Amino acid sequence: MKLHVKTTINGEEFEFLCEPRESLLEVLRDRLGLTGSKEGCNNGNCGACNVILDGRLVNSCLVFAAEAAGRAITTIEGIQGPEGLHPLQEKFLEHAALQCGICTPGFIVAAKALLDRNPDPSEAEVRLWLAGNLCRCTGYDKIVRAVLEAAKSTAVVMEK
Amino acid sequence: MPNWPSERQLMGTKVPRVDGFKKVSGGAKYSYDINLPGLLYAMILRSPYAHCKIVSIDLGPAESMPGVKAVHLIKKPGDELHYAGDEIAAVAAMTEEVAEDALRAIKVKYQVLPHVSSEDQALKAGAPAARAGSADERGEKIEDAIKEAAAVHEGTYGCEVITHVCLETHGLVARWEGEELTAWASTQAVHGTGTALAQHFKIPKATCITNFMGGGFGSKFGPDIQGIVAAELAKKAGAPVKLLLNRAEEHNAAGNRPSAFAKVKAAVDKTGKLIAFDAETWGTGGHSRGAGFPLPYVYPVDNRRRKHTDCFINAGDNRAMRAPGHPQGSLVMDSLMDDLCHKFDPKLDPVEFRLRNLPSTVLRDIYTKELLLGAARIGWKENWHPRGDNAPGPWKRGLGVALGTWGGGPGDAQATCTLHGDGRVEVKCGTQDLGTGTTTVVPLVAAEILGLQIGDIAGSIGSSAFPPAGGSGGSTSCGGVSVAVAMACTKALAELFAKVAPKLECKPEDLQAEYGRVFVTGNLERGFTWKQACAVLGQQPITASADKKEGEKGMATSTVGGAQFADVSVDVETGRVRLNKIVAVADCGLVVNRLTCESQVLGGVIMGINYGLYEQRRLDPPTGLPVNPDMEFYLLAGAGDIPEIDVVLLDYPERGVIGIGEPPTIPTAAAISNAVANAIGVRVPVIPLTPRRVLEALEGKA
């Protein structure tokens, strides 16, 4: 049995067919060509597959693709604005907050979800929020700094 | 003799990764992201028992399942399976779901055999699973030295088996076009993997591509069984096949770091110098591989004896893991050194004790600098106290130090540099970037030599179609690749100079390339812009090739030493260890990219924190099955577990380039263990330093 799903991804309408047991991550990667979301553990522990679903941070490996029906999803491919990289992406680059880069999409999506609800987080809040994202290379130090710097730079933009 | 430019514009500065944009925007294509038309998904059936024999196997039900395109037998009836996760057969199907169903449909009858799942079981008399390993004895006066010693200490120390946990698992995508095989593999060796695939299939050449990869840490040097199987399935099915391991397979079958245990007796003379060392060591590297590690480590001792035993258990085999053996050697040796120091004179500063016991090699000077520098950065003079913090309350604070050493040196590498008539520069090298930053090293070094900016260089790595380079292991890539690229660019530039010189009415040797210009030395005006200079080439580009051997002396070096310090607080009521600060002083020689060099040191330290406090592969003794092959119960540090980490790069440009992938992960856990002993007054002998182990040590049960 295949399910017909209509959803919105990064502001665009998408339709796809999927099996009931398929995860959102599988559909994003294998059917829709959105391979920026990564599979690290496939059981919700590493955060490499993080996407934002109706404003909420989720592990897309733990969401059934069918659950995406009628909802709005933001993936790493949609973080960048029309005017270029998001400040988070810029700060990750500038602070070298990435090594092999396979955890990076998840960290950036998670950090975006944090800044959306708390534009001025403390260092402790950043560390706690990112507890669901694992980096093995491992760049936590620079990641935390990049998120704090991005928060600062978005605050400046908002003041302007 | 070739050498680096004495004044450098780019090397040693902070350069953001040239492939960073793709990585932050989701555009980087890892092997796992390669989706080809008609792609099939493959999975492997694995042993459900720790030790068994295949009695019979029926692939029929899987073969006849709709959507299954190929089935491949790896083991046959009568074959023994040595651990839970050992490969049996594989299928390729149109979706992952069908592949999973097909694995369930394969009918296998097993004969379950007795298993061994721990070092202790393997060492028990009668078990066939322990084998005497290397024995080493030097100096004849161990007993005499111990008798005459000012202090003798006897202790047992150890580390558990851990796994690599690469965030991108092992595997590849295989595609056949006629007799030509292309593999997009997650590998630390594109040339090695391409060659191994070609040999297996007896074809002239297989191309291996690795544009991006999600970590390897020593565990990804060839196609492995799963890579061969993916290519076999692709051949049978006549369609491309993707086979990347799932997380459990990655833990069980894709390598691990052996455990290491040591019962050591050691002695010092009245000056506090190590004079005797007698050790029995053991560990497990899986069902067929050893568990060797260097010991004694860093600190020299004339009279020494060591007996090592490898314990074979029903678990996946070890693979090289980030400085193989060294973190284990460091943990045992530096724990012992601290305990000896305490026994010799409880008030003696462990930094001073180490200074008295340094090797009389090139590293003596480096270690001395590092110890003094690191001690100042961690606040050693202000905060160190003899063992046991007497402060009131449950939280006890302590400081610890440890040293590490590594060989390294420039690995095999060749490169080509092509200069085009329109000024374009292409540099190619068949190395790969594990996340270390090699992709950026190539254009950075080329731009340095050619006097250009990084954006002017098109660097290409990550394919076996490019000039051969060795696997990225042993911290050898940065040195080898930097030198090969520098030499290729130097040669291409010399050819360009020869063509440009007549136009400037000078000799080629009078020319230099800097600031984006080619000009007569001493007269910036008497010359051309880079583009004008290259225009003399017209339609005939220059291509120069070089091997790192043409320039390596003085340009890259081996034999490095590092020192790390830890400041910890331990809750003696709960056994929890909280890290306050780590200082890592890294022996970096000539830094190529300061930004990625720092990242490597930070990453090494955090990996050290992981195995010092959290990581342990657990097997269930009654069944021999892995208990935590996941990321939930196999504990890894998160962003909240990491303290302030102070990275000090000990610049030493005259030593040349030093690979920094491995050295910084060696002494971290030993420094933490020593800090914990300093805080609570007793040694917690085995890492990871879990709350339970800390409490047991405090109760005197350890």
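Which residue forms a salt bridge with D587(B)? The legends below get to that pair, and to a few others.

This is a predicted model, where local features need pLDDT of at least 70, side-chain atom pairs count only at pLDDT 80 or more, and totals for chains, interfaces and linings use all residues. Residues are numbered from 1 along each chain as its sequence is written, chains are lettered from A and ligands numbered from 1 in the order in which they are written, and side-chain values use heavy atoms, with hydrogens and water left out.

**View 1. Chain B as a whole.** Let's start with the big picture: chain B has 18 helices and 29 strands. (Helices, H or I with at least four residues, and strands, E with at least two, are DSSP runs numbered from the N terminus.) Its C-alpha trace spans about 80 × 70 × 50 Å along the principal axes. A compact globule of 702 residues would have a radius of gyration near 27 Å, and chain B agrees with its 28 Å. (That radius is taken over C-alpha atoms, and the globule rule is 2.2 Å times the number of residues to the power 0.38.) Of the 702 residues, 63% count as buried. (Buried means under 20% relative accessible area, exposed over 50%, and partly exposed in between, with a 1.4 Å probe and protein chains only.)

**View 2. D587(B) and its partner R655(B).** Here's the answer to the opening question: D587(B) forms a salt bridge with R655(B), and their closest N and O atoms are 2.7 Å apart. (A salt bridge is a side-chain nitrogen of Lys or Arg within 4 Å of a carboxyl oxygen of Asp or Glu.) The pair links distant parts of the chain, 68 residues apart: D587(B) sits in strand β27 (residues 577–589), and R655(B) in the loop between β28 (644–651) and α17 (668–680). D587(B) is buried, at 2% relative accessibility, and R655(B) is buried too, at 11%.

View 3. R104(B) pairs up with D101(B) in a salt bridge, with 3.0 Å between the closest N and O atoms. Both belong to helix α3 (residues 96–105), and because they are three residues apart there, about one helical turn separates them. R104(B) is exposed, at 59% relative accessibility, while D101(B) is partly exposed, at 25%.

**View 4. K14(B) meets E598(B).** In this salt bridge, the closest N and O atoms of E598(B) and K14(B) are 3.5 Å apart.

**View 5. K343(B) and its neighbours.** You'll find K343(B) in helix α9 (residues 326–344) of chain B. K343(B) is partly exposed, at 48% relative accessibility. Leaving out residues up to four places away in sequence, K343(B) touches A151(B), V152(B) and H153(B). (Contact means heavy atoms within 4.5 Å.)

**View 6. E550(B) in its loop.** E550(B) lies in the loop between β25 (542–547) and β26 (558–571) of chain B. With a relative accessible area of 37%, E550(B) is partly exposed. Not counting residues up to four places away in sequence, E550(B) touches P2(B), M487(B), K491(B) and S545(B).
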